[in-house]
Amino acid sequence: LFHVGGVYADHDVEPIRSVDEWPMHTDDVSLLIGIEGFGTKAQEKGLLWAANPQFAQWVIAASPGHPILRAAVSRIQDKLQASGGGKG
């Protein structure tokens, strides 16, 4: 997704609109992510959200080389390197 851009969706996601209708097809939008939770402080506490708003990875659409995905890839690489590259 980082290198070529496009859309990722978990296999159990059903769009309520065609991907062709998403705003990714404009010059203004280069990243779309799902919001899993957004609400009041009481809702946040009661639902045990990690953050408010809480973003989800089940649908992501991005242009190639998006800086947020670049940062995510970099963090993963750093964590792997710090842990010995997953070797063990």
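Twelve nonpolar, one polar and three charged residues make up the lining of the largest pocket. The model you are looking at is predicted, and its chain holds two helices and three strands.

**The largest pocket**
- The volume of the largest pocket comes to about 350 Å³.
- Its lining counts 16 residues, and those nearest the centre are Pro 15, Trp 22, Leu 32, Trp 58 and Val 59.
- Strand 1 (6–9), strand 2 (31–37) and strand 3 each give at least two residues to the lining of the largest pocket.
- Strand 2 supplies the largest share of that lining, with three residues.

**The chain as a whole**
- The chain has 88 residues, and 18% of them count as buried.
- Among contacts in the chain with a separation of 6 or more, 56% join residues 24 or more positions apart.

**Helix 2**
- Helix 2 covers residues 67–82, which is 16 residues.
- From its first C-alpha to its last, helix 2 reaches 22 Å, close to the 22 Å expected at 1.5 Å a residue.
- After helix 2 comes Gly 84, which has a positive phi, near 90 degrees.

**His 66, in the loop between strand 3 and helix 2**
- You can find His 66 in the loop that runs between strand 3 (54–62) and helix 2.
- His 66 counts as buried because its relative accessibility is 9%, and the cut-off for buried is under 20%.
- A polar atom of the His 66 side chain lies 3.0 Å from the backbone nitrogen of Ile 68.
- Setting aside residues up to four places away in sequence, His 66 touches Phe 2, Ser 30 and Leu 31.

**Ser 63, in the loop between strand 3 and helix 2**
- Ser 63 also sits in the loop between strand 3 and helix 2.
- With a relative accessible area of 24%, Ser 63 is partly exposed.
- Ser 63 and Leu 31 are 32 residues apart along the chain, yet their C-alpha atoms are separated by 6.5 Å.

Note on methods
Residues numbered from 1 in each chain as written. Predicted model: local features only at pLDDT ≥ 70, side-chain atom pairs only at ≥ 80, totals over all residues. Heavy atoms only, no water. Helix = DSSP H or I, 4+ residues; strand = E, 2+ residues; numbered from the N terminus. Expected span 1.5 Å × (residues − 1). Buried < 20%, exposed > 50% of the residue type's maximum accessible area, 1.4 Å probe, protein only. Polar contact = N/O pair within 3.5 Å; in protein donor to acceptor, adjacent residues only side chain to side chain. Contact = heavy atoms within 4.5 Å. 1 Å grid on protein atoms, 1.4 Å probe; cavity = no way out; pocket = protein on both sides within 12 Å on 5 of 7 lines; lining within 4 Å. Points joined across faces, edges and corners; volume = space filled by probe spheres on them. Nonpolar A, V, L, I, M, F, W, Y, C, P; charged D, E, K, R; others polar.
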